[in-house]
Amino acid sequence: MQNSTSWRSFRMAAWLGWLIESNWTDPFLFAVYSIVKPLSGAAILVVMYGIITQGNFQSALFPYIYLGNAFYIYVGAVMTGVSWAVVDDREHYKTLKYMYIAPIYIPVYLLGRGAARFITGSIAVIITILTGVLFLKVPLQVAEIDWLLFSVTLFVGIVMLAMLGLLLAGVTLTTARHEGFIGEATAATLYIFSGAVFPLDVLPNWLRPIGYFMPTTYWLELLRRSLVGNVAQAFPTLSNFSNMQILGILLGLSLFFGIVSLQVFKVCDRIARERGMIDRTTNY
Amino acid sequence: MNAVSSKYSRKDTGWRLFLKTIIARAYPRVIGQQREISWVLFEVVMPMLAVCSYVFVYRALKAPEEYIGFVVMGGAMTAFWMNVLWSMSSQLYWEKETGNLALYIMAPNSMMAILLGMALGGMVATAMRAVAVTVFGTLMFAVEFEVTSYLQLFAVFMLAMIALYGLGMMMASAFLLFGREAWHMANLAQEPIFLASGFYFPIKSLPFWVAAGASIIPLTLGMDAMRQLVFPSGFRLGFLDVRTEIIILAILSVVFVAVSKFLLAYVEKLAVREGRITESRR
């Protein structure tokens, strides 16, 4: 029974999320929106890189930056997507209380809402990478991609991001007025500490341990290695670790953060119920 | 009878009402927003996180130090663009969603005064956040400034602000007609504008016609001129001569504020006719 409830919660939430994400306009404008936004973000970095290196896109640093930025779209989409569902349902649509009294499993429902953002995020990631390969000579050879490593890493990473999103959703449940900032601020902070667009060695010494503790650091490194192996391994940050060692660390940290996230959500959910925060609207 | 003739019942009309409306709408922007300390914190921290990311990218690329200053200035100016986008352009849409818009239109005041009040209050409140970002960025990354003309710097900043908030007033009218798409439209106008306006790199790096087209956004020329005026190597990386940029910004200021007045009147009439003032399409 629990399994079917969970699956129904997830499936319906994912469908609802997809409708909310996509049906606000006609398909053409939706396509433009899905393409222009991620490409502009990537183009800022490309222009910065181009100015300083005077157009030397052959350097190993370019695919490092480009692919890191492209896959980081998932962090904003999945992690923030799960936590944003609380704001959307509680403040905007004012339906969170109905979700709580419906025969669904709330954490799974929130994860389902994140699944819709995973789909829109995937569109952005694919378009960004294709643009890089076609127009900017990102050295991605289909025959050389380690598909198994890529698939496993992507799956583990998405689950890890969804669990982090659940942690933020819990915090969001107990927060008023500034809950919209929580996901964005966390994603922006992880952008710095995950070595998404620069190797961690650029950070001051005292900040680097934060980066080494973040699962996103290992996730992005493995994704780069699986796609452009020899290029990604050129940077000293994690060069002493083999792919399997990094995968092990990623799994361990994902498990750790997953357990913490579930516990935090459980505690926050109880607090929100006790204090009557489930249907609180602040009009912010 | 006494109550009617007392000072509390005096009716303000004309320019006095116009002025009072501006102050009344600016008040919550300047005072109200400062009361939510967590918002102030987030609005300073968020641009700072973007500044840190781009600074570290430049450091990884071993870029010349003046680029770090460019990023800090760009980060500070994002506060103004975000304010125009989310608290000017989208504001009438939010007011419609929360039910205040109909009250604004019913009240015997000018909608133009309301927009001016929003602009004035937003400008002052955002300036505080922009100063905070500049100070933190300067201290964290040891940015060095060398102002060549304070007068020109003041003129550029003020004209850029007038033109920018004039643009915001124009966009507010357009957003009045939006439904659910308003949020997405505002969201869409972030990264592409950061790119086209050169928030994190000199606009001169883009092809000439792209930079010229992007100059319709007042911050493009405003930032370019300010970078030329405050950084030693700024003139080398400038898009146009500072005097030319000042003249263009002055023209943009007049055009945007004037057009916003006509656009607001037109769109308000259209929205009333089509019954969009009280609609809420979630």
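Student: Which hand is the crossing of H4(B) and H8(B)?
Tutor: In this predicted model, the crossing of H4(B) and H8(B) is right-handed, meaning that the near helix is turned clockwise from the far one by less than a right angle. Helices are DSSP runs (H or I, at least four residues), numbered from the N terminus.

Student: At what angle do the axes cross?
Tutor: Roughly 30°, and the axes of H4(B) (residues 66–89) and H8(B) (residues 150–175) come within 8 Å. Axes are lines fitted to C-alpha atoms over the stretch in contact, with angles from 0 to 180 degrees between N-to-C directions.

Student: Which residues of H4(B) meet H8(B)?
Tutor: Phe80(B), Val84(B), Met88(B) and Ser89(B). Contact here is C-beta atoms, placed from the backbone, within 7 Å.

Student: Different topic. How many residues of chain A are in contact with chain B?
Tutor: 34, against 30 residues of chain B. On the chain A side, H2(A) gives the most, with 14 residues.

Student: And the core, how many residues has the largest nonpolar one?
Tutor: It has 162 residues, and Val71(B) is one of those with the most contacts inside it. Such a core is a set of buried Ala, Val, Leu, Ile, Met, Phe, Trp, Tyr and Cys residues joined through C-beta atoms within 7 Å; buried is 20 or more other C-beta atoms within 10 Å of a residue's own.

How values were computed
Residues are numbered from 1 along each chain as its sequence is written. Chains are lettered from A and ligands numbered from 1 in the order in which they are written. This is a predicted model: local features need pLDDT of at least 70, side-chain atom pairs count only at pLDDT 80 or more; totals for chains, interfaces and linings use all residues. Two residues are in contact if their C-beta atoms, placed from the backbone, lie within 7 Å. Helices (H or I, at least four residues) and strands (E, at least two) are DSSP runs, numbered from the N terminus. A residue is buried if 20 or more other C-beta atoms lie within 10 Å of its own, exposed if 12 or fewer, and partly exposed in between; C-beta atoms are placed from the backbone.
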